[in-house]
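This report describes the fold and the packing of one protein model. The structure is shown below, and the description follows it.

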Amino acid sequence: MGKGRFPFRRTVEFLSGGKLVLQKRVKTVAVSFTTQKESKGLRDFVLRDLPQIQYKNPNKQFVCFRNRHEFPHITLYYDGGERQLIDVYQKSADDILNLVELAGAATESEILQKQEVEYPGRINPANFGKYGHCFCICEKPGQVPCPSRVKFDKPIKWWHDKESAAQ
């Protein structure tokens with residue numbers, strides 16, 4: 001197990017456990033909390049749920065402000081310049097997660113469309129292996145088969161040809 005405070009928050013199992021995927025048009029999420037008791041739910045949200053949301057949305061920007069504003073809130077900035085303010089004053093972390101999901105979560109069709117994107121290496125016929133369109137070049141017609149699949153005769157080396165040419 002890792003070292004430091006709450007090392008389980010950095011494990012892939014924990015991070016991939018989140019379910020919230022933000023809309024494509026959401027560009028930035030700004031979280032503003034205070035150290036007062038009215039902001040306890042938002043601090044718990046930042047500690048528990050925000051890392052999962054960041055892991056599920058690698059192309060989004062997340063900004064946290066502490067004691068910058070008088071009241072705790074979350075602001076979603078969209079690509080058209082518009083923004084949406086979510087008031088989270090005295091709300092629990094679960095309530096905040098539900099509010100963010102209502103405000104900026106992607107629809108099922110957007111999630112499915114994002115998952116359908118194929119690895120670009122499969123398109124290029126020069127790529128082989130685990131992520132290529134076929135595992136080995138020997139599977140292509142006209143190529144020499146692999147020795148593991150076809151037994152070759154005694155190999156003829158280039159130095160054998162030199163000796164026969166000299167005689």
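## The sheet

In what order do the four strands of the open sheet lie? In this predicted model, the order is β2-β1-β3-β4, with mixed pairing. The edge positions belong to β2 (61-66) and β4 (83-87). Each of these two strands has a single partner, so one of its sides has no neighbour in the sheet. On average, neighbouring strands are turned by 15° against each other, direction ignored.

Strands β1 (residues 26-33) and β3 (residues 73-78) run antiparallel and are joined by six bridges. Val 31 has Ile 74 in β3 as its bridge partner.

## The helix on the sheet

Helix α2 (residues 40-48) packs on the sheet, where it touches β1, β2 and β3. The direction of α2 makes about 130° with that of β1.

Which residues of α2 are buried? They are Gly 41, Leu 42, Phe 45 and Val 46. These residues lie on the same side of α2, because the arc they cover around the axis is only 140°. The packing partners of the buried residues of α2 are the strands β1, β2 and β3, together with the helices α3 (50-56) and α4 (93-104).

## Aromatic rings

How many aromatic pairs does a search of the whole structure find? The search finds zero. One ring does have a charged residue over its face: Arg 25 lies over Tyr 78, at 4.3 Å from the ring centre.

How values were computed
Residues are numbered from 1 along each chain as its sequence is written. This is a predicted model: local features need pLDDT of at least 70, side-chain atom pairs count only at pLDDT 80 or more; totals for chains, interfaces and linings use all residues. Side-chain values use heavy atoms; hydrogens and water are left out. Two strands pair if DSSP finds at least two bridges between them. Axes are lines fitted to C-alpha atoms, for helices over the stretch in contact, and angles run from 0 to 180 degrees between N-to-C directions. Contact means heavy atoms within 4.5 Å. Rings of Phe, Tyr and Trp (its six-membered ring) pair if their centres lie within 6.5 Å; planes under 30 degrees apart count as stacked, over 60 as edge-to-face and the rest as tilted. A charge sits over a ring if NZ of Lys or CZ of Arg is within 6 Å of the ring centre and within 35 degrees of the ring normal. Buried means under 20% relative accessible area, exposed over 50%, partly exposed in between (1.4 Å probe, protein chains only). The arc is that of the directions from the helix axis to the C-beta atoms.
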